[in-house]
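Biologist: Can you walk me through this one? Please start with the terms.
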Amino acid sequence: MKFSEKLKWLVYYYTKHPKGRFELSHILELLGFLVVCIILAEAVLYLWLNG
């Protein structure tokens, strides 16, 4: 299977297939949670080190 075929399959899976869309929503929730945690950790460290 070529890389382009794999890429087309992944795009189809995560955009059209119900299970793929379900997984994608959880991946995006996890990424959002990690971003919020990193921002909070940076704010706490900034306040702790410069406070």
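Modeller: Buried means under 20% relative accessible area, exposed means over 50%, and partly exposed is in between (1.4 Å probe, protein chains only). This is a predicted model: local features need pLDDT of at least 70, side-chain atom pairs count only at pLDDT 80 or more, and totals for chains, interfaces and linings use all residues. Residues are numbered from 1 along each chain as its sequence is written, and side-chain values use heavy atoms, without hydrogens and water.

Biologist: Where does Tyr14 fall, then?
Modeller: Tyr14 has a relative accessible area of 26%, so it is partly exposed.

Biologist: How many aromatic pairs are there?
Modeller: The count is 2. Rings of Phe, Tyr and Trp (its six-membered ring) pair if their centres lie within 6.5 Å; planes under 30 degrees apart are stacked, over 60 edge-to-face, the rest tilted. Trp9 and Tyr13 are stacked, because their ring centres are 5.1 Å apart and their planes at 10°.

Biologist: How far apart are Trp9 and Tyr13 in helix α1?
Modeller: They sit 4 residues apart in α1 (residues 3-15), about one helical turn. Helices are DSSP runs (H or I, at least four residues), numbered from the N terminus. Trp9 is partly exposed at 49% relative accessibility. Tyr13 is buried at 13%.

Biologist: And which kind of pair do Tyr13 and Tyr14 form?
Modeller: Edge-to-face, with 5.2 Å centre to centre and 75° between the planes.

Biologist: New topic. Is helix α2 largely in the open or buried?
Modeller: Largely in the open, because the number buried is 1 of its 33 residues.

Biologist: What span should α2 have?
Modeller: For residues 18-50, 48 Å at 1.5 Å a residue. The expected span is 1.5 Å times one less than the number of residues. The end C-alpha atoms of α2 are 48 Å apart, which agrees.

Note on methods. Helices (H or I, at least four residues) and strands (E, at least two) are DSSP runs, numbered from the N terminus.
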